[in-house]
Structure formats: C-alpha cells, structure tokens
Amino acid sequence: MSGEESAEYLVSAIEELMAEKLRKQDPDYQITVYCDKHLGVNMRLEASWGSMEYGDTSVDVNRLIEWCCPKPGCHRHYEPTILGYYDRELGRRLRRDAKRQPRGNHSGRPFMYVGKVGDGRGYLCPLYKCDERGPVVAESVVDEEVRLPTDPLAILKKAERKRAIEMDVFLSFASTSKLSIDAGSPENRDPDYPDIMCTISGQKYWFELGQIIHEEVAEKVNPKRRTLDDGFSYDQDRPFVNLIVSKAEKKYETDCAPVDLVLHFDLRFGTAASVLRLCEKHSAILAALTSTGPFERVWVFDEFNKTVILSS
Ligand SMILES: [Zn+2]
Ligand SMILES: [Zn+2]
C-alpha cells in the first residue's frame, strides 16, 4: 500500500465509523414490524410520505418512513420517531394512542415496535443495532399471510402520493438551486413525460427526479429486487448504478424542451460525503447521462441539508 492509498484507507475507515455512529441514532429499516392489532401480520415498509396528508396535525411529519398494515380494513401504521403506532384513514384525522406505547431509552424516545420474540411477540427498540427490549405482547403467535390488494383505488392513491412527493422534492430543490423557475409554474406529469414540467423565464423546461437510496431500503420497499449476497451491508452502489443506468436509457416526450435530472437523497439514505464518493466512483456513467443520455444537466440534491452537492 502506498502512503496515499493508506491515507485514503484511513479516511474511509473513519468515515465509515462516523456513518455507523450516525446510523445508531436512526431506526433500522431492516427490522420486521408486526401490526399491534394483528400480531401475525407483517407490516409493509413505505418510503416517504408527502406532508399534505397530515395537514391537520401540528407535527412536521414530512418525509417520514413508516410501515403500514396490509390487512384489509386495518388502518394501522407504525412510524418509529414521532408517531408510534397510529390509525390513519383516507380523509380522516390521524388517531394516535401513543401514550400507552413503550419507548426506547434514547434521546427523542423512539417508539418501540412489535417484533418477533421466540414464538411470540414483544416490543423491541427500532434503532439500528440496539437490543433493548420492552414488554412481551404474546407468548405464541401464528404468522398470517396477507395478499397485496389490487384494487384500483389503492393503485390510484399510490400514484397520487408519488406525485405529491415528487412536487415536494422538486419545490425544495427549486428554492435551493437558484434557477429562475417561474413561481406557480411546476406541474406533475406522467410518463412518457418527465416528472415535472415548469417554465424558466417563460421557457418550457422539464425535470426528472431520481431518489438515491440504500440497498436495504430499496429491498424492503420492493422485495422483488433480489441481490446475490444476503449479508448485512450498507453498500449503496447497486441501487445507485441501477438508478443511473435506468435514467440514461429513458426516452422522454418533451415537446423539444430540455430535461434536467435531479438525483436526490436525504440523511436516512446517506450522508452528503458518502453520496459524493459514489458520484466520484461512478463519474463515467454519470457523465453518460448528459453525453449520450436524454439530459441537459444533472443535479445531486441533498434534501436534508437543502443543498445542491453536485451539478454538471
Ligand atoms: Zn393490522
Ligand atoms: Zn434502543
């Protein structure tokens, strides 16, 4: 190892230690969460929600990650940091019963989740690598398989939510980027158009959004994505490379107006330093987005710190 190489190794080892320390303050999205009303039912992880669904509450629950119960008729959700287990039905106020729920012994007092303990269920701490336990809920529980609903309303709701989240990310990016995007002009569009249409100084302009996420979050959100090694790793490369390649191959309907790509992430999915390192490592495929791909420019946007960390 040359001096330069060993210095680089040391820097990345220190960064990994710091990242590991940060992760211990956050919930582990690998955990298997059960519905506290249906102890046999595995809840499903859902990525970021828009804030508007929570319009009538005072907490800033914008962009939380949470689990929801797939059992028909059950409105139970679990969010580890602010809400705990709670009920939410479309068009209704959130109903919380957090007072009775056990919490972990950390700053912010995260809500414990109902997890597998032996043959039964017990409250467990959701923070990464914390083995703190709460009360036992049941000594023995039979697992219950719930099929995913295929009703059109659920699919429609999902599409609406996706649009709301995209607009939310875009407006945050727009206010950070100093591009003179005309106020009130951004609108959602569906494929084959890019995600957002707007005007910049009166000229039509498109933006496509892509979220940079961790391998294991990607897997939880979409369990069909199988990876070869089943080890526990925070390797972000695969979803990152897949994201870039899929965007580079896209063909958009743009009415001859330019399209920019906004790659965004927040702290739950990576620190700015780790994302920057990814971008450097894969700079060649990033460059292909603009040279042979459909994009005019590429931006990398840190949603948590509201900063553009890279632009081509
Ligand atoms: Zn349930
Ligand atoms: Zn804990």
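Trainee: In what order do the 6 strands of the open sheet lie?

Mentor: The order is β9-β10-β11-β12-β13-β14, with mixed pairing. Strands here are DSSP runs of E, at least two residues, and helices are runs of H or I, at least four, numbered from the N terminus. Two strands pair if DSSP finds at least two bridges between them. This is a predicted model: local features need pLDDT of at least 70, side-chain atom pairs count only at pLDDT 80 or more, and totals for chains, interfaces and linings use all residues. Residues are numbered from 1 along each chain as its sequence is written, while chains are lettered from A and ligands numbered from 1 in the order in which they are written.

Trainee: Which are the edge strands?

Mentor: β9 (187–188) and β14 (307–311), each of which pairs on one side only.

Trainee: And how do β12 and β13 run?

Mentor: They run parallel, joined by 6 bridges. F265 stands opposite D302 in β13.

Trainee: New topic. Which residues of α4 are buried?

Mentor: P239, F240 and I244. Buried takes 20 or more other C-beta atoms within 10 Å of the residue's own, exposed 12 or fewer, and partly exposed lies in between, with C-beta atoms placed from the backbone.

Trainee: Why are they on the same side of α4?

Mentor: Because they cover an arc of only 130° around the axis, taken from the directions from the helix axis to the C-beta atoms.

Trainee: What does the face turned away carry?

Mentor: The exposed residues N242 and S246.
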